[in-house]
Amino acid sequence: MSQLDKEKVKLEEYVFSGGEKIELQDLREIDVEDQEELELAGVDVKEEERSGTYLHLNHTKAVCRSKQEGVEILDIKDALDKYDGLPEYFWKAVDKDKDEYTRKAAEVVHGGYFIRTKKGAKIKEPVQSCLFIKGEKIGQSVHNIIVVEEDSEVHIITGCATSHKVQSALHLGISEFYVKKGGKLTFTMVHNWSEKVEVRPRTVGIVEEGGVFQSNYILLKPVKSVQSFPTIYLNGKGSIARFNSILVAHPGSYINSGNKIVLNAPDTRGEIISRAITTGGELIAPGVIEANSVPAKGHLECKGLILSDGIIHAIPELKGTKEGVELSHEAAVGKIAQEEIEYLMARGLDEDEATSTIVRGFLNVDIMGLPKKLKESIDKIISETEKDMF
Amino acid sequence: MLVIEDLHVKIGEKEVLKGINLEIKEGETFILFGPNGSGKTTLLMTLMGFSGYKVTKGAIYFKGKNITDLPMYERARMGIGMSFQRPPTIHGLKTRDLVRLCARDRQVDVEKLAQKVNFVDFLDRDINAGFSGGEIKRSELLQLMAQNPDLLLFDEPESGVDLENMGLIGKVVKELLSGNGHEPKPGMSMKELKELRKVSGLIITHTGYILDYINADRGQVMYQGKLCCEGRPRDILEHISKYGYKECIRCLN
């Protein structure tokens with residue numbers, strides 16, 4: 001099967017209408033096994049250390065509330081009504097006609113979140129959103145918009161999961177991010193789909209002067225296929241973008257997950273760091289940094305470990321269009337170094353213990369600077385995933 | 001503690017060790033001298049059980065058991081501990097966590113051990129990432145303190161270390177060789193304490209600085225894959241610094 005065939009989704013096989021509508025007061029009303037699935041996607045079902053929660057279930061929103069002044073959380077449909085169709089933001093970053101998935105998402109919008117901070121508001125606790133699929137042959141299409149107003153800060157944690165009962169599903173997600181002057185957006189996404197779920201997100205962000213965008217993407221669980229390529233335009237002087245990804249391709253998974261940063265203004269900086277492991281699946285990791293202004297700096301780093309027969313295809317790309325841009329990349333695909341295994345074996349660890357210690361280090365998420373509780377749950381997911389790795 | 005009988009070792013097609021016989025008794029520290037490329041490091045690596053060091057003849061006994069074909073981790077668990085010259089960096093593995101892994105089931109106070117080698121500030125750094133020569137030595141000693149081996153293999157404790165750190169390293173090596181610093185306590189004499197646990201050492205040195213800190217009992221010179229010139233380490237060192245290794249050639253031929 002060619003790459004194109006693997007990435008092609010048969011849209012007609014999925015049902016985009018008729019999902020049951022469920023309004024929930026509390027995430028704990030969801031059945032316990034599904035709560036566990038959500039927790040494995042980094043969702044705090046008790047909502048203890050969260051500024052707000054948005055839960056989208058199949059075709060409609062189920063929970064939507066802000067606990068903190070300074071951050072507005074709405075279902076996208078309500079936001080479109082309230083703000084006259086959001087003319088500044090709706091389909092302004094992502095091209096509606098980009099491909100068949102954007103066209104489908106334009107045709108059918110089930111929901112999605114609209115999250116906007118107030119100017120100057122520093123939102124301490126993260127806002128969480130979860131996109132949840134429960135049912136058979138469900139096609140879910142959401143449109144998310146985040147607006148970080150001037151000099152404000154927010155961390156948004158998105159957990160994507162499917163119910164333990166799901167057999168097959170398709171998730172289409174349009175996400176548009178707008179980081180205004182001096183704003184800071186940290187966007188952490190944890191995917192916990194399942195073997196028969198296909199995922200086609202389309203994400204574009206625009207960052208203004210002095211703004212910071214940081215993305216953390218964690219995909220440790222099996223999935224049928226993912227194809228995503230979030231792109232950030234640094235249009236304002238001194239703006240910064242960073243992408244950190246941790247990806248694991250299990251047998252049967254096809255993952256094409258990359259990032260692009262376009263440095264369009266002076267003093268901009270972009271960094272893309274990804275760690276990829278295959279335990280039998282196919283993983284393509286493209287990274288592109290393009291610099292059209294000076295001074296501008298970009299660095300791309302991709303490390304891949306092949307633990308058993310699988311494919312890792314790292315494609316680092318750098319493009320400079322002005323004299324004086326500074327772009328660099330390093331990529332490595334290989335196996336665990338024997339030297340590292342023997343170092344640990346000389347300390348009394350057997351081969352399996354040594355391998356798992358090294359893999360845990362490789363998947364370490366310290367660089368993401370996550371809140372303590374989320375980091376603990378990611379560490380838990382890593383140790384659980386590890387059981388299926390060797 | 002350690003008995004080596006007629007040990008022949010090949011690296012690739014090349015025979016590096018050509019019939020080594022050596023016994024190190026309980027509580028004894030043995031010093032290995034010899035020019036570069038003579039096979040000293042090969043002997044240590046073979047004792048630890050690294051891949052790529054092929055024993056073609058002979059045997060190694062540790063605590064009475066033939067360990068010639070034992071995997072490395074079993075040798076480590078039996079009580080062989082080795083300090084690495086150029087250990088690899090393992091990204092994402094904090095020094096603190098590795099020290100805990102070295103201790104296996106025993107409880108250790110990582111902070112307290114780290115204080116002894118002035119290494120507390122490094123505990124949250126990835127192991128060996130950007131460590132200088134002296135920092136590597138202190139990190140290795142910290143891991144060995146947690147591992148608490150009965151036989152300590154140490155390749156050039158002084159290499160890459162400044163004088164100030166040499167004192168610290170010498171002190172800790174001495175402590176490791178004494179079975180982790182027995183201090184006099186009521187109800188047990190020093191002599192009785194020393195009888196409790198005896199640690200042996202096999203140490204490679206070029207400069208002999210380490211001899212200022214430890215009680216080394218015996219030494220030998222490795223020359224072209226063979227051992228010769230047994231004597232007191234200080235005497236051997238003095239001889240080498242005066243005459244070089246010329247006498248070894250005479251001795252072996």
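I began with one residue pair: Arg242(A) has Glu271(A) as its bridge partner in E17(A). This is a predicted model, so I keep that in mind throughout.

Next I looked up the two strands behind that pair. Strand E14 (residues 240-249) and strand E17 (residues 268-278) of chain A run parallel and are joined by ten bridges.

Then I widened the view to the sheet. I found ten strands of chain A in an open sheet with mixed pairing, ordered E2-E1-E5-E7-E9-E11-E14-E17-E19-E21. At the edges I see E2 (60-66) and E21 (326-334) of chain A; each has a single partner strand, so one side of each lacks a neighbour in the sheet.

Over to chain B, where I picked helix H6 (residues 163-177). I note 15 residues and a reach of 21 Å from first C-alpha to last, close to the 21 Å expected at 1.5 Å a residue.

Which residues of H6(B) are buried? I list Ile169(B), Val172(B), Val173(B), Leu176(B) and Leu177(B). Down the axis of H6(B), the buried residues fall within an arc of 135°, so they line one face of the helix. A friendly reminder to myself: an α-helix has 3.6 residues a turn, so residues three or four places apart point the same way.

On the other side of H6(B), I find Leu163(B) and Glu164(B) exposed. The cover over the buried residues of H6(B) includes E3, H4, H5, E9 and E10 of chain B.

Last entry: just after H6(B), Gly179(B) has a positive phi of about 80°.

Methods:
Residues numbered from 1 in each chain as written. Chains lettered and ligands numbered in written order. Predicted model: local features only at pLDDT ≥ 70, side-chain atom pairs only at ≥ 80, totals over all residues. Pairing = 2+ DSSP bridges. Helix = DSSP H or I, 4+ residues; strand = E, 2+ residues; numbered from the N terminus. Expected span 1.5 Å × (residues − 1). Buried ≥ 20, exposed ≤ 12 C-beta atoms within 10 Å, placed from the backbone. Arc of directions from axis to C-beta. Contact = placed C-beta atoms within 7 Å.
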